[in-house]
Amino acid sequence: MISSVTLTTAALYISDKFGGVLRRSPVPPLLYLFFVTLTGIVFLEQGRTPKLRSRRISQLLQTEGYCPEVYALLADWNARCEKRGMSDVSKLVTAQMLIDGAHYKEGFGKLAELDFSELELRQKQVYMNTYLYGAVLLGDRAEADRIFASAEKWLMSVTDRQLSASVKHTLGCYEYMCGRKVRAEELFMQSVGSTSAHDVICEDWLALAACYLDSGRKELARLAVQTAARNTVTTVQEEKVSRAKELVELAYGITK
């Protein structure tokens with residue numbers, strides 16, 4: 001069975017098929033730049049919501065990952081938002097980043113602090129996307145199925161292109177988890193077509209490489225990894241592409 005973490009990056013996807021070596025990697029699954037962008041574009045209202053130091057967080061995530069300073073910056077932002085009575089925004093974004101950083105219990109805890117009925121439409125969509133994404137990362141099929149039953153109407157109603165790319169990627173991961181790999185592949189391709197964000201495109205092509213390898217389409221997998229490599233924006237993604245290349249070589253029987 002595909003492990004939980006494999007469902008966001010191809011390197012981890014493919015590891016289950018070729019011995020699980022990458023599951024020992026200390027690098028967590030990250031879609032961090034997308035979520036920083038989402039923070040800036042979707043939620044923050046100039047002059048109303050306290051400013052999140054997203055540029056500093058982006059720099060840290062590119063060089064150090066989800067380090068203590070990232071969460072200190074988020075905690076400070078949460079405190080300032082709380083004072084202005086706008087904590088729904090900060091809690092939702094913090095939940096996303098906690099789950100992306102593999103702090104699942106804390107991330108789900110942040111989601112639990114939110115009153116879903118009081119959220120705006122876009123926030124409800126992001127809430128459900130984050131909730132489903134976390135369950136898939138944990139490899140909890142029963143929980144993912146339960147969440148999807150409630151989340152489907154919210155996720156299928158997304159029209160914003162920026163958010164749509166993340167939703168389609170999450171749904172692709174869920175479909176892959178359920179063994180519906182053809183549908184997963186379609187969703188990853190749709191995600192690619194609905195965004196210009198290089199970090200998301202990189203993750204989608206890595207996921208597609210996994211789908212191709214899983215079905216024996218080695219040449220397509222090789223080309224997908226090459227495309228992912230052209231869209232890396234962080235050293236973390238470069239490392240994942242490097243591992244994916246090694247796994248494609250294994251599929252071709254190439255050994256160093």
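Helices (H or I, at least four residues) and strands (E, at least two) are DSSP runs, numbered from the N terminus. This is a predicted model: local features need pLDDT of at least 70, side-chain atom pairs count only at pLDDT 80 or more, and totals for chains, interfaces and linings use all residues. Residues are numbered from 1 along each chain as its sequence is written, and side-chain values use heavy atoms, with hydrogens and water left out.

**Exercise 1. Work out how H7 and H8 pack.**

Step 1. Get the geometry. Axes are lines fitted to C-alpha atoms, for helices over the stretch in contact, and angles run from 0 to 180 degrees between N-to-C directions. The axes of H7 (residues 121-138) and H8 (residues 141-155) come within 9 Å and cross at roughly 155°.

Step 2. Classify the angle. Angles under 35 degrees count as roughly parallel, over 145 as roughly antiparallel, 65 to 115 as roughly perpendicular and the rest as oblique. H7 and H8 are therefore roughly antiparallel to each other.

Step 3. Read the contact by class. Ala, Val, Leu, Ile, Met, Phe, Trp, Tyr, Cys and Pro count as nonpolar, Asp, Glu, Lys and Arg as charged, and the others, Gly among them, as polar. Twelve nonpolar, three polar and three charged residues make up the contact of H7 with H8.

Step 4. Name some of them. On the H7 side they include Leu121, Met128 and Leu132; on the H8 side they include Ile147, Phe148 and Trp154.

**Exercise 2. Which residues of helix H3 are buried, and where do they lie?**

Step 1. H3 covers residues 54-63; Ile57, Ser58, Leu60 and Leu61 are its buried residues.

Step 2. Seen down the axis of H3, they fall within an arc of 165° (taken from the directions from the axis to the C-beta atoms), so they line one face of the helix.

Step 3. Turn to the other side. Exposed Arg55 and Thr63 sit on the face of H3 turned away from its buried side.

Step 4. Go past the end. Just after H3, Gly65 has a positive phi of about 80°.

**Exercise 3. Locate Ser194 and decide: buried or exposed?**

Step 1. Ser194 is in the loop between helix H10 (181-193) and helix H11 (198-214).

Step 2. Its relative accessible area is 9%, so Ser194 is buried.

Step 3. Ser194 touches Arg161, Ser164, Ala165 and Lys168, residues up to four places away in sequence not counted.

**Exercise 4. Summarise the whole protein.**

Step 1. Count elements: 13 helices and zero strands.

Step 2. Of the 256 residues, 55% are buried.

Step 3. Among contacts with a separation of 6 or more, 60% join residues 24 or more positions apart.

Notes:
Buried means under 20% relative accessible area, exposed over 50%, partly exposed in between (1.4 Å probe, protein chains only). Contact means heavy atoms within 4.5 Å.
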